Amino acid sequence: MTEKTLFEAYKLGSLTLSNRVVLAPLTRNRAGAGLVPSPLAATYYSQRATAGLLITEATQVSAQAQGYQDTPGLYTQAQIDGWRQVTEAVHAKGGKIFVQLWHVGRISHVDLQPGGGAPVAPSAIRAETKTFVNNGFAEVSEPRALEIDELPGIVDDFRQAAANAIDAGFDGVEIHGANGYLLEQFLKDGANRRTDAYGGTVENRARLVLEVVKAVVDEIGAERTGIRISPVSPANAISSSDPQPQFNYLVEQLDALGIVYLHVVEGATGGPRDVAPFDFDALRKRFKNTYLANNGYDLDLATSRLNAGQADLFAFGRPFIGNPDLVERLKAGAPLAGFNPATLYGGGAEGYTDYPTLAETQTH
Ligand SMILES: Cc1cc2nc3c(=O)[nH]c(=O)nc-3n(C[C@H](O)[C@H](O)[C@H](O)COP(=O)(O)O)c2cc1C
């Protein structure tokens, strides 16, 4: 049998991706006034358009959904128009692009919340972590527990943002169900102590995320809806006592909704892949559409898991920061450039759109 490679076309729903390499969502805190994506974002994403699929940085579905300074939104006309510049630039280069939709829940700060209010969460439990606000790192604020009658409004914010995404020219949306943000706060019992229909059992903790996915599917179609999960990641100080049954159940339900991909952060986000025992193949088996794998991948690991049938697509995060032409470099076996950690969050073109391609490096 011939070996499969990352560099062949792949059919994702009705889209044909030019290869199996995906840009992982990367927050870069460079939105402008009104939390409109900066004009530089169009350059940044189009520089990476040779990836089979681009997933944008996490993008707020509402003002309440914000947890960090200068992250973009998708709930005002100006934001929709700003994102349209990005999708047009990517499409002009033949790329495909999904927007990652998030609500941060308790990972926020009163200075970022409408009216200086408390961030919202399933339960009033503060996470032991920091956010970036007022040009520096600060402890997240004490959250308040959401009232049950507020939840339909949050579901509707995701639905509306998905409609706005299509208006802005995106090929689809990725619902952010990972990394300790609102939807994962409901899923994991370290953050969810509710005693109503949204807490307690595996089924109840999955209720909000499934309502969000269903609303988005009803609005824009299952072929344009993906989700990201991180079953064992402790990112943003979250914990779960029963990730396997929780995520086995969730993925069965997601499969029934027919969404186009399941994006799985395998292990601790940006850390060890074997942080806790967990059977990721059990998720793969429960989901018939595309399995998109992430976390600590290099070409060898991706190729071997592709050929073992364990994943279809592979998202690369950190390697894409300093290598806009990551696909070409991987294909050529060329060395990868690093990146400057000081310019990750905030600022302008430096450390954002000024990383050269290999060809540019060689001619300079
Ligand atoms: C600068 C930076 C920003 C990130 N922003 C996001 C984000 O907005 N949404 C998300 O789901 N993950 C985010 N992540 C996590 C990455 O998508 C990815 O899961 C992580 O870097 C592990 O993949 P890698 O080993 O290929 O880098 C971010 C990571 C980094 C380094």
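Which residue has a polar side-chain atom 2.6 Å from an oxygen atom of the ligand? Before I answer, please note that this is a predicted model, in which local features need pLDDT of at least 70, side-chain atom pairs count only at pLDDT 80 or more, and totals for chains, interfaces and linings use all residues. Residues are numbered from 1 along each chain as its sequence is written, and side-chain values use heavy atoms, with hydrogens and water left out.

The residue is R318. This is a polar contact, meaning a pair of N or O atoms within 3.5 Å. A side-chain N or O atom of H176 lies 3.2 Å from a ligand oxygen atom. From A58, a backbone N or O atom is placed 3.2 Å from an oxygen atom of the ligand. On its own the ligand has 610 Å² of accessible area, and the protein covers 92% of it (Shrake-Rupley method, 1.4 Å probe).

Around the ligand there are 20 residues, of which T27, R228, N294, G296 and R318 come nearest; a residue counts as near if one of its heavy atoms lies within 4 Å. By class, eight of the shell residues are nonpolar, 10 are polar and two are charged, with Gly counted as polar.

I turn now to the strands, which are DSSP runs of E with at least two residues. Strand β7, residues 130-133, pairs with strand β8, residues 136-139, in the antiparallel sense over four bridges; pairing requires at least two bridges in DSSP. V133 has G136 in β8 as its bridge partner. The two strands form a hairpin with two residues between them, and N134 in the turn has a positive phi of about 50 degrees.

Notes
A polar contact is a pair of N or O atoms within 3.5 Å; within protein, one must be able to donate a hydrogen and the other to accept it, and residues adjacent in sequence count only if both atoms are side-chain atoms.
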